[in-house]
Amino acid sequence: MKIVVCVKHVAVLGDEIRFTTDERDVDEDYYDRTLNEWDACAAEEALRIRERLGGEGEVLVVTVGGPSADVALQRCLAMGADRAVRISFDQTVHDPIAIGHALSEAIVPEQPDLVLVGVQSSDSVQGSTGTALAQFLDLPRVAVVKKVEYDHATRRATCHRELEGGLVDVVEVDTPAVLAIQTGINEPRYPTFRAIKDAERKEISLVSAAGGAVSGYHVRRMFVPPKPEGAEMLDGGPADVARRIAEIVKERLA
Amino acid sequence: MARDPKHDVLFEPIRIGPKTLRNRFYQVPHCNGAGSEKPNAQAWNRAMRAEGGWGASCTEYCSIHPESDDTMRISARLWDEDDVRNLSLMCDKLHEHGALAGVELWYGGAHAPCMESRCVPRAPSQLPSDFEHLTYPKEMDKDDIREVQGFYVAAARRARSAGFDIVYVYGSHSYLPQQFLTPFYNKRTDEYGGSFENRARFWRETIEQVREAVGDDCAIAVRISTDMFMGEIGTQLERDALPFVELVDNLVDLWDVNVSGISEWGEDATPSRFYESGRQLPWQGRVKQVTKKPVVGVGRFTSADVMAEAIRSGKLDIIGACRPSISDPFLPTKISEGRYDDIRECIGCNICVSRWEIGGPPAVCTQNATFMEEYRRGWHPEKFTKAENADNDVLVVGAGPAGMECAMILGKRGMRRVHLLEAEKEMGGIMRWIPLLPGLGEWARVVNYRKIQIDKLKNVELIPSTRADANAVLKYGAEIVVIATGAYWATNGLNGATSEPIPGADASLPHVLTPEQIMVGGKEIPGERVVILDNDGYFMGVSLAEKLATEGKQVTLLTHLGEVAPYMKFTLELPNMLRKLHSLHVNIVTHAMLQSIEPGRAVSYHVFDPEHLTEWDADAVVLITQRRSNEALYRELKDLGTDALRSEGIIGLYRIGDCLAPRMVADCVFDGHRLAREIDSPDPAVPKPFLRDRKVIELLRA
């Protein structure tokens, strides 16, 4: 039994931010890195699936990035993951397709039974890396999973998907498959100091991505949008306010 | 984040007579327990306000002569040249930081008991003090009036030579000048009593003389109470205060405007339990309408929006503060830098005030553990040295006031990792539910400030919903373990009055309840008739009485003490608390102690006549008898012994807050702060000695 969890070291912006000189990214001096919340849930779910199977098998965490990405891997190792792989990736393009492709190259030789990803990352909020990854791995994928029951004997996973209006969509999927995990599925565990220290001693394997995935995606410019004009405050009694609102609506429709 | 431009008005300089205030932040006179006899503590404490951006800082009330001696309470004094020397240190340090130094010249009249000087105070009429019982003044004749005015002039000259920029002729809080103005204290029939003009004469002449003496060099400030809330007999806004402002406006450079007399000065230093920020603005705004001079006033202002609005709306020119500047000496700097969420807001508990009322001890603050520790412990509220053992990981168990403060300060001291372990989902401990008591909502600021700070600290992590036993702590991998597991209210009636449990008191029964069971546990209170036993004497008994009476119960509040909630006298909360309980028909019975509790019935005895029993129909009895530390976890770990702890890598085991001994929140916060400040001392469990401001005699050696 092997579960691969793909994680991201998301940026946590401070009160003040600056952009890089080419205006295509945030200057890294102005943010910290942490494990993406959705990915923490995915890692926790992987650990719980393994525990439900009696603790047999391996949980492998994979990420793409430079040394600053190790913070996310180390957190997962401290939570109880067995092994970590960081795919160094010097392409300047960081879109979901390129990342999905790089992940797939590292995951294929692992031949996992399950691949868990977070629904989205809190910083870029693309929500599509998992989908791209499934495409490159040629595996089925289940989106926005709030509950997983995995049967290792039949190699099938029953997933509860969260839909609008409190509806639940129950999906059965043959594995290997890519499951995109939604927050709220679990409360990720907090590692003790001992677990953190033990994790610091675990090695993180480095692999290089061959690259080659091409997408049409590139960042042109990042900027803080100018402040919109302030709201117009309407004074007076309910009748006056209502009359004024009606006038404004008519003006705008005209 | 940059400052919001709408707050720029707070940073505009303003003229005060011959001086310029660099911005609109002004620490008005308030006590701190230092006076003139702890000159270092005094200077360092006021200077911290200047460093934090306040444009001016003032002494507390400053006695002008031994006849105005407030012992046991601590005032500053300008009696002689030695006092000048001592207070000049404060002036020098304020000037170093670009702030003005103010001194509040004070003559107490009948309110000064003169317990140290053994003088007899003088007053307009011979009436015993309504504040300091058993103190009778001498009634002043005209020679006395000239002499006392001479004391003001001499003290003003000493103030100038000490380096003060602003000299007050202080009347508020019913002190001598305002005693003359107020019929309650002034029964005279000569030209110093009767008509407004006569009642105003002493204060007007005194201001004239002080101005004549030092007015070219110092700004003259007058602190006036505009309403004593005593009806016709007290100072009244329209009849007395506004005409007085108009009468002497040309002699005054700054009006410091408030309300209240001395016997209920909680109407001025308002507890958050009863009043919101800015409650004096209507009176301050009226003075603004009649004066041409700047007006400063307090209102427990902690919000920059409210401050800026007070100025823009023409109610104040300058934001006065005592408590907000105690809670956060760096409030102006934080507003200036747009660091609004770093402001440590005053909670309005009045623990600071209580220490003055008690007489003697240095003032303390629930929010700011460094208050009055600036000199003697060298603590700075915003600066932290990296701990020498910062490479250690610290586990703090329990995120109540002590645990939160300790974890936060350890984080600021750069410890490698701090984990704050909490059994509940949210941090706060006892302060998650105390703010749910009636009127105590603002006390939640104790949690909010620390939560925001801890969120910002990368090396501190809250571990919620986690209850650790001794084995879990042992195996956690921490080098330093701090236990802050709090305390609980006794469930069996154990109390300090009898030192025994109360027969029949058992909070596992439906009709016997503790505060936690009511506030957190959701235990239902059976029936209508509730007896609350309060052996604690602070806020818990009266707060639960108010809560349950508001919910429709018939409440009887018993206490073995002579007065209910005596500590709330010191926090100035008691008068309005008693009004509220009275209006809710709470039956207060003093000198009463429970002898036994049975379903439907409780029996009390009179503490000075134990044979005198009273039976109470009681569907429920609430026990507020005493608290006990939750020390099981600490005990278990300690009993393992140093070797067992060391074998797991634990080199330090400490406990703080209520877990050590149940105390006020201010003391728990201090305890957590103290341990974190001294985590790298040779024995962090033992507080390092602090500097004491005292004379040391020269030993004569043979």
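Tutor: A polar contact is a pair of N or O atoms within 3.5 Å, and within protein one of them must be able to donate a hydrogen and the other to accept it. The model is predicted. By that rule, nine residue pairs, both members at pLDDT 80 or more, are in polar contact across the interface of chain B and chain A. On the side of chain B that touches chain A, strand S14 (393-397), strand S15 (417-421) and strand S16 (460-463) of chain B each supply at least two residues.

Charged groups also take part, for six salt bridges are counted between chain B and chain A. One of the salt bridges joins the side chains of B:Glu461 and A:Arg75, with a distance of 2.8 Å from N to O.

In chain B, 21 residues are in contact with 12 residues of chain A. Between them, the two chains bury about 1,300 Å², and carbon and sulfur atoms account for 50% of that area. Within chain B, the residues that lose the most area to chain A are B:Met1, B:Arg417 and B:Tyr476, which together make up 37% of what that side buries.

Terms used:
Residues numbered from 1 in each chain as written. Chains lettered and ligands numbered in written order. Predicted model: local features only at pLDDT ≥ 70, side-chain atom pairs only at ≥ 80, totals over all residues. Heavy atoms only, no water. Contact = heavy atoms within 4.5 Å. Buried area = accessible area lost by both parts, 1.4 Å probe. Salt bridge = Lys/Arg side-chain N within 4 Å of Asp/Glu carboxyl O. Polar contact = N/O pair within 3.5 Å; in protein donor to acceptor, adjacent residues only side chain to side chain. Helix = DSSP H or I, 4+ residues; strand = E, 2+ residues; numbered from the N terminus.
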